[in-house]
Amino acid sequence: IESVTKDEDILDVTGLYSTNTKKAVSDFQIYNLPHRTPAGVADRETQQAIEKAYEQWVMDSPDTWLVTE
């Protein structure tokens, strides 16, 4: 994966846990784990929530449905 789109923003994937990554994780925590104080650290709970959100996105996105004959 070279980049990920979020709304109109392009997020460059560098492979580094930079300040941009920390902010993206904090933003994810704010919207998806409202019972927690966002720390910007992708701990176990956050990683599980990211996986769940990704799986839901795949199910909700017709472009990801593979149909073969």
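At what angle do the axes of H1 and helix H2 cross, and within what distance do they come? In this predicted model, where local features need pLDDT of at least 70, side-chain atom pairs count only at pLDDT 80 or more, and totals for chains, interfaces and linings use all residues, the two axes come within 11 Å and cross at roughly 75°. Residues are numbered from 1 along each chain as its sequence is written, and side-chain values use heavy atoms, with hydrogens and water left out.

Axes here are lines fitted to C-alpha atoms, for helices over the stretch in contact, with angles running from 0 to 180 degrees between N-to-C directions. On the H1 side, the contact (heavy atoms within 4.5 Å) is made by Val25, Phe28 and Gln29; H2 brings Thr46, Ala49, Ile50 and Ala53. Sorted by class, that makes five nonpolar residues, two polar and no charged ones. The classes put Ala, Val, Leu, Ile, Met, Phe, Trp, Tyr, Cys and Pro under nonpolar, Asp, Glu, Lys and Arg under charged, and the others, Gly among them, under polar.

As for the overall layout, the chain holds two helices and two strands, in the order β-β-α-α along the sequence. Helices (H or I, at least four residues) and strands (E, at least two) are DSSP runs, numbered from the N terminus. Of the 69 residues, 14% count as buried, where buried means under 20% relative accessible area, exposed over 50% and partly exposed in between (1.4 Å probe, protein chains only). Among contacts between residues at least 6 apart in sequence, 7% join residues at least 24 apart.

H1 itself covers residues 19-32. With 14 residues, H1 reaches 20 Å from its first C-alpha to its last, close to the 20 Å expected at 1.5 Å a residue; the expected span is 1.5 Å times one less than the number of residues. Buried in this helix are Val25, Ser26, Asp27, Phe28 and Gln29, and what covers the buried residues of H1 includes H2. Take Ser26: its relative accessibility is 15%, so Ser26 counts as buried. Setting aside neighbours within four places in sequence, Ser26 touches Pro38, Ala39 and Gly40. Thr37 is exposed, with a relative accessible area of 67%.

The loop between H1 and H2 also holds Leu33, but this one is buried, at 5% relative accessibility. Apart from neighbours within four places in sequence, Leu33 is in contact with Phe28, Glu45, Thr46 and Ala49. The C-alpha atoms of Leu33 and Thr46 are separated by 7.8 Å, with the two residues 13 apart along the chain.

Now for the charged side chains. Side chains of opposite charge can pair when their charged atoms come close. With a salt bridge taken as a side-chain nitrogen of Lys or Arg within 4 Å of a carboxyl oxygen of Asp or Glu, the count comes to three. One of them pairs Asp27 with Lys23, the closest N and O atoms being 2.9 Å apart. These two residues are four apart in H1, so about one helical turn separates them. Lys23 counts as exposed, at 52% relative accessibility, whereas Asp27 is among the buried residues of H1.

Arg36 takes part in salt bridges with Asp43, at 2.9 Å between the closest N and O atoms, and with Glu45, at 3.0 Å. Asp43 is partly exposed, with a relative accessible area of 28%, and Glu45 is partly exposed too, at 33%. Through shared partners, Arg36, Asp43 and Glu45 are joined into one network. Glu45 turns up in the contacts of Leu33 as well.

H2, which spans residues 44-60, also includes Val58. At 22% relative accessibility, Val58 counts as partly exposed. Beyond its neighbours within four places in sequence, Val58 is in contact with Thr64 and Trp65.
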